[in-house]
Amino acid sequence: MTNLLILGGTTEANALVKTLADQGIPATYSYAGRVDNPRPQPLPVRVGGFGGVEGLTRYLTDHAITHVVDATHPFAAQMSTNAISACREAGVPLVALTRPAWRAHDEDRWQHVSDIGAAVTALSGPKRRVFLAVGRLHLEDFAAQPQHHFLLRLVDEPDALPLPDCEAIVSRGPFTEAGDRALMLQHGIELVVSKNSGGNGARAKLDAARALGVPVLMIDRPTLPQRTELSNVTQVLDWLAHSGVNLGV
Ligand SMILES: NC(=O)c1ccc[n+]([C@@H]2O[C@H](COP(=O)([O-])OP(=O)(O)OC[C@H]3O[C@@H](n4cnc5c(N)ncnc54)[C@H](OP(=O)(O)O)[C@@H]3O)[C@@H](O)[C@H]2O)c1
């Protein structure tokens, strides 16, 4: 019997699970448990890590998982790498549902860096007002450049601000170009630091930066081992149909 595991925490995963629920396809949605109140889902949800490759392999076997869709964020490299190994180990077909990376327009002023460490290094120099839009996980790394004023945008209220000169806005998005332009003007932003997450919800800051002529330090995606990548829900349904799942339509 079909029994899907969806590795989630993204809008893509949410859209997929809604379609699966509408079509009556059995699946479980997995959250890492990083945010305080994860969005409710129309299918069963589990929360928390599996315990590395070994734990995930065991989970796949114990729960008789027939297919895995890795719809995690493009920067969730550990989870995605573990999924490739565990699915190979357990003999379970795997596909990734991932949004295409953003590409610079002619008018964009992007400087590409390979990872968070390279972004921190690229920030050496005189004080600037920086919109640090990289999520919560690696903020402490930027304490190595304490001369800057950092504007943070976070999903949950932080317990403590991790940088000496910073302010935090708590907001879950999606954001608009007009809203982000107003935000950047209000805070006198001179540089945006962004991961190349892709998708529509988070690109407003890049559109706003382009409109204002503000430069962007763009952190490129981590490189993952070879896997099948699809970019929308329809392609995943086609893949499932070709993998023997009865979609009932
Ligand atoms: N990284 C980002 O920029 C970003 C942005 C937006 C949303 N997210 C979402 O936030 C979550 C964590 O991202 P991350 O970058 O911290 O991941 P990560 O560094 O690749 O993963 C670290 C560990 O967290 C656990 N984990 C991650 N995603 C999981 C999931 N969907 N279900 C169960 N366990 C999961 C796994 O623990 P075990 O080894 O114990 O299994 C994994 O080894 C993911 O769901 C991702 O989609 C990440």
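**Figure 1. Asp70, a buried residue of strand S4 (67-70).** In this predicted model, Asp70 is buried, with a relative accessible area of 3%. Buried denotes under 20% relative accessible area, exposed over 50%, and partly exposed the range in between (1.4 Å probe, protein chains only). Asp70 is found in strand S4; helices (H or I, at least four residues) and strands (E, at least two) are DSSP runs, numbered from the N terminus. The side chain of Asp70 makes a polar contact with the side chain of Ser80, at 2.7 Å. A polar contact is a pair of N or O atoms within 3.5 Å; within protein, one must be able to donate a hydrogen and the other to accept it, and residues adjacent in sequence count only if both atoms are side-chain atoms. Residues up to four places away in sequence not being counted, Asp70 touches Leu7, Ser80, Ala83, Leu94, Val95, Ala96, Leu97 and Arg227; contact means heavy atoms within 4.5 Å. This is a predicted model, in which local features need pLDDT of at least 70 and side-chain atom pairs count only at pLDDT 80 or more, whereas totals for chains, interfaces and linings use all residues. Residues are numbered from 1 along each chain as its sequence is written, and side-chain values use heavy atoms, with hydrogens and water left out.

**Figure 2. The shell of residues around the ligand.** The ligand is surrounded by 23 residues, and the closest are Gly8, Ser30, Phe50, Met79 and Lys195. A residue is near a molecule if one of its heavy atoms lies within 4 Å of it. A backbone N or O atom of Gly48 lies 3.5 Å from a nitrogen atom of the ligand. Taken alone, the ligand exposes 800 Å², of which the protein buries 79%; accessible areas come from the Shrake-Rupley method with a 1.4 Å probe, and for residues only the protein chains shown count as cover. Strand S2 (27-31) and helix H3 (77-90) are the elements that give two or more residues to the shell around the ligand. H3 gives the most, with 4 residues. By class, the shell has 8 nonpolar, 12 polar and 3 charged residues. Here Ala, Val, Leu, Ile, Met, Phe, Trp, Tyr, Cys and Pro count as nonpolar, Asp, Glu, Lys and Arg as charged, and the others, Gly among them, as polar.

**Figure 3. Gly49 and helix H2 (52-62).** Gly49 is found in the loop between strand S3 (45-47) and helix H2. With 68% relative accessibility, Gly49 counts as exposed. Along the chain, Gly49 and Asp62 are 13 residues apart, and their C-alpha atoms are separated by 16 Å. The buried residues of H2 are Gly55, Leu56, Thr57, Tyr59 and Leu60. Their cover includes S1, S2, S3, S4 and H3. After H2 comes Ala64, whose phi is positive, near 50 degrees.

Figure 4. The buried residues of H7 are Val233, Val236, Leu237, Trp239 and Leu240. Seen down the axis of H7, these buried residues fall within an arc of 160 degrees, so they line one face of the helix; the arc is that of the directions from the helix axis to the C-beta atoms. An α-helix has 3.6 residues a turn, so residues three or four places apart point the same way. The face turned away from the buried side of H7 carries the exposed residues Thr234 and His242. Cover for the buried residues of H7 includes strand S1 (4-7), helix H1 (11-22), strand S4 (67-70), strand S5 (94-97) and strand S12 (229-230). At the start of H7, a side-chain oxygen of Asn232 reaches to within 3.2 Å of the backbone nitrogen of Thr234.

Figure 5. Leu123 lies in the loop between helix H4 (116-122) and strand S7 (129-133), and is buried, with a relative accessible area of 0%. Beyond residues up to four places away in sequence, Leu123 touches Arg128, Phe142, Gln145, Gln147, His148, Phe150, Leu191, Val193 and Leu217. Pro222 lies in the loop between strand S11 (216-219) and S12, and is partly exposed, with a relative accessible area of 30%. The C-alpha atoms of Pro222 and Ala77 are separated by 6.6 Å, although these residues are 145 residues apart along the chain.
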